[in-house]
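Read it alongside the coordinates.

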Amino acid sequence: MEPLAPLLLALLSAAKATSRSPPSGKRYSPDWASLDSRPLPAWYDAAKFGIFVHWGVFSVPAWGSEWFWWHWRGEQNPAYKRFVDEHFPPRTTYADFAPAFTAVDFEPDEWAKLFFEAGARYVVLTSKHHEGFTNWGSKVSWNWNSVDTGPHRDLVGDLGKALKQRRIHYGLYHSLYEWFHPLYLADKKNVFKTQDFVLEKTMPELYELVLRYKPDLIWSDGDWEAPDTYWNSTSFLAWLYNDSPVKDKVVVNDRWGFNTSCHHGGFYNCQDKFAPGKLPDHKWEMCTSIDKMSWGYRSGMRIGEIMTEAEIITELVQTVSYGGNYLLNVGPTKEGVIAPIFQERLQALGKWLKTNGEAIYETQPWKVQKENSTNYIWYTSKGNVVYAIFLRWPDDCVLNLQSPVSSASTKVTLLGFSTPLKWKATPDKGLQVNLPSATPSLVEETYGWTLKLLGVTVKVEKESVKSGEADTSHPCSVPQNSCG
């Protein structure tokens, strides 16, 4: 083991001096068996919906994706080279983009207001992507950070303060590796038997982020080329869980080495846009992007490449029904503007959640997650209440539910509609519910409605969705004519 870098030693000393006394409960050792036994802080599962923000120097070319530098210089992709030749002066380097990352229109309070109105309970900002540029004044990223160049401000800190005012949980994305950092490339050449990059760069950044900003969530990435032993992941997580200032509330994901994804950590991401197609036995999260082609902002995006309101609501409902959280990404411009089309999608989702959020937030999967015969009726539960979220309004205004079994105390209401609904038991012990015999606009929704069911039990049948079979359709729709 190599000696610890001076800055990392200093940060560890500061952390020890400022840490609170550990509780009398369990302490975690730096191994996965111990770390994986830590209960997930309850706030995360209750939150259900968060917003991802990919923002960095890649927002300057705003073309292709946030992997611009790698495609241009790493892969030597001709299309990226041609784009730079046509849009920038000769001999342009990636570092030349940094001054144009101005964030001149960045208003963190407005971002926080938008995220709050969208119904987000947590927000995850890229503190550093694979390009290595840090969105705070990192002590180990001299002149390649948002304080020394570009915005000349602490983007991580400014957004964190605004979110705190709205009582929105704050998460920080952090890439363990960097495409072109000399220390990382040297470690890689040594088959990761040296750890100069980890000790001089990665770990000092992580400790600094925790000590300075006290995030509720650390969303790790960039782990896939090396094992967790190279990244010193278990040692960091043991400190995080035992002695850090966020030890009681912090949540982490599973990207801590090429051998950990979907196996170790807090909640599981497994892969981008992961959808298990069944109810997993471990807390998970689906991360996806409103722009289907990129996580970072693209100036040339087209409307057909943008998720529709129906697609977003469908994915949210399916994810929560299967016990997951839904993390929806936007990529701001280099000036710090969230594109109007992204704002519109977030506001539409927020409006939907104002009516239907009771069936999303703080819920648990029901014993049945979806109707066997459909892909548009999904269930969640909260205590003795069952919610049936249906993504298609039946033409005859009669909704047939096969899974709930009624009782003498059964009551059925439609969220957003004040009058209780009439229903009757079907011969196969299901429920036949009469919906309002008028246009769905009565409840001010275009896609997705929720029945609140009291006094029902579940019919004992196996769900028809097979293990690993994800439902990728988006059936949200309303009839052309009103019912009745």
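## Buried charges and their partners

Glu 178 counts as buried, at 4% relative accessibility. The cut-off for that label is under 20% relative accessible area. The model is predicted.

Which residue pairs with Glu 178 in a salt bridge? The partner is Lys 128, and the closest N and O atoms are 2.9 Å apart. Glu 178 sits in the loop between strand S3 (169–175) and helix H8 (182–189), while Lys 128 belongs to strand S2 (residues 122–128), so the pair ties together parts that are 50 residues apart in sequence. Lys 128 is buried too, with a relative accessible area of 0%.

A search of the whole structure finds 22 salt bridges. Three of them are set out here.

| Salt bridge | Closest N and O atoms | Relative accessible area |
|---|---|---|
| Glu 178 and Lys 128 | 2.9 Å | Glu 178: 4%; Lys 128: 0% |
| Arg 212 and Glu 208 | 2.9 Å | Arg 212: 37%; Glu 208: 4% |
| Arg 298 and Asp 291 | 2.8 Å | Arg 298: 10%; Asp 291: 2% |

Take the pair of Arg 212 and Glu 208. Both residues lie in helix H9 (residues 196–213). They are four residues apart, about one turn of the helix. Is each end buried or partly exposed? Arg 212 is partly exposed, with a relative accessible area of 37%. Glu 208 counts as buried at 4%.

In the pair of Arg 298 and Asp 291, the closest N and O atoms are 2.8 Å apart. Arg 298 is buried, at 10% relative accessible area. Asp 291 also counts as buried, at 2%. Shared partners matter elsewhere: salt bridges join Lys 128, Glu 178, Lys 201 and Glu 205 into one network.

## Cysteines

How many disulfides does a search of the whole structure find? It finds one. Cys 262 and Cys 270 form the disulfide, with their sulfur atoms 1.9 Å apart. The torsion about their S-S bond is about 70 degrees, so the disulfide is right-handed.

The two ends fall in separate accessibility classes. Cys 262 is partly exposed, with a relative accessible area of 32%. Cys 270 is buried, with a relative accessible area of 16%. The value for Cys 270 is under the 20% cut-off, so the residue counts as buried. Another cysteine, Cys 287, is buried, with a relative accessible area of 0%.

## A loop arginine

Where is Arg 392 placed? Arg 392 is in the loop between strand S9 (385–390) and strand S10 (398–401). Its relative accessible area is 32%, and Arg 392 is partly exposed. Tyr 376 lies 16 residues away from Arg 392 along the chain. The C-alpha atoms of these two residues are separated by 6.4 Å.

## Confidence

What is the mean pLDDT of the protein chain? The mean is 91. Of the residues in the chain, 88% reach 70 or more. Over residues 462–482, the pLDDT is below 50. Beyond near neighbours in sequence, this stretch has 49 contacts in the model.

Definitions and conventions: Residues are numbered from 1 along each chain as its sequence is written. This is a predicted model: local features need pLDDT of at least 70, side-chain atom pairs count only at pLDDT 80 or more; totals for chains, interfaces and linings use all residues. Side-chain values use heavy atoms; hydrogens and water are left out. A disulfide is a pair of cysteine sulfur atoms within 2.5 Å. Buried means under 20% relative accessible area, exposed over 50%, partly exposed in between (1.4 Å probe, protein chains only). Helices (H or I, at least four residues) and strands (E, at least two) are DSSP runs, numbered from the N terminus. pLDDT is the predictor's confidence in each residue, from 0 to 100. Contact means heavy atoms within 4.5 Å. A salt bridge is a side-chain nitrogen of Lys or Arg within 4 Å of a carboxyl oxygen of Asp or Glu.
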